[in-house]
Amino acid sequence: MEHRYQLFTDLILNISRCIQKIKNSEVAELGLKGKQVQCMFILDKKKDGASLTELCDLCNEDKGAMSRTVKELMNKDLVYLDEQSTQKYRNPIKLTEKGKSDSAIILDKISTMLEMGGSGITETERGIFYKALTQISNNLTQICENYGGNK
């Protein structure tokens, strides 16, 4: 059991650190930070935009961190707030034309990194891996919910 715990946590932490390092390195030429990648990625997929609350959920970030990320992206003219409501947090955040262009570059980089990171793994193995990882994530989320707090 101790070996499984150490192996699992070491692998997950290493993967997380590598992803952050790769994101930061790959988007530095665009003047972006790794944390902004996930936001841009999500907004590229959500053509009608996403509210700040939705972005928090989809990016697994708290409201403060996501607010800072969106503000940074607005200052770089990559996203804008489509003011449709008087309630600030309900207005969709959308990519600007520059944001769409940078997002296409980001998506290309993500695709390349996924190919490299998954090399040597068959589609069958990938399916089994994601099924197992999803189950572990769901189990741990359930445990965290039993603590009475958020993840």
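Residue Q36 is placed in helix α2, which spans residues 34–45; helices are DSSP runs of H or I of at least four residues and strands are runs of E of at least two, numbered from the N terminus. The model is a predicted one, in which local features need pLDDT of at least 70, side-chain atom pairs count only at pLDDT 80 or more, and totals for chains, interfaces and linings use all residues. Residues are numbered from 1 along each chain as its sequence is written, and side-chain values use heavy atoms, with hydrogens and water left out.

The relative accessible area of Q36 is 1%, so this residue is buried (buried, under 20% relative accessible area; exposed, over 50%; partly exposed in between; 1.4 Å probe, protein chains only). The side chain of Q36 makes a polar contact of 2.8 Å with the side chain of E72. A polar atom of the Q36 side chain also lies 2.7 Å from the backbone nitrogen of K33. Polar contacts are pairs of N or O atoms within 3.5 Å; within protein, one atom must be able to donate a hydrogen and the other to accept it, and residues adjacent in sequence count only if both atoms are side-chain atoms. When neighbours within four places in sequence are set aside, Q36 is in contact (heavy atoms within 4.5 Å) with G31, T69, E72, L73 and K76.

The largest nonpolar core holds 21 residues, of which L43, L55, M66 and V70 touch the most other members. Such a core is a set of buried Ala, Val, Leu, Ile, Met, Phe, Trp, Tyr and Cys residues joined through side-chain atoms within 4.5 Å. Two or more residues of this core are given by each of α2, α3 (52–59), α4 (63–75) and β2 (93–95). Helix α2 supplies the largest share, 5 residues.

At the level of the chain, the secondary structure comprises 6 helices and 2 strands, in the sequence order α-α-α-α-β-β-α-α. The C-alpha atoms fill a box of roughly 50 × 40 × 25 Å along the principal axes. Of the 151 residues in the chain, 26% are buried. Among contacts between residues at least 6 apart in sequence, 49% join residues at least 24 apart. The accessible surface of the chain is about 10900 Å², and carbon and sulfur atoms account for 54% of this surface (Shrake-Rupley method, 1.4 Å probe; for residues, only the protein chains shown count as cover).
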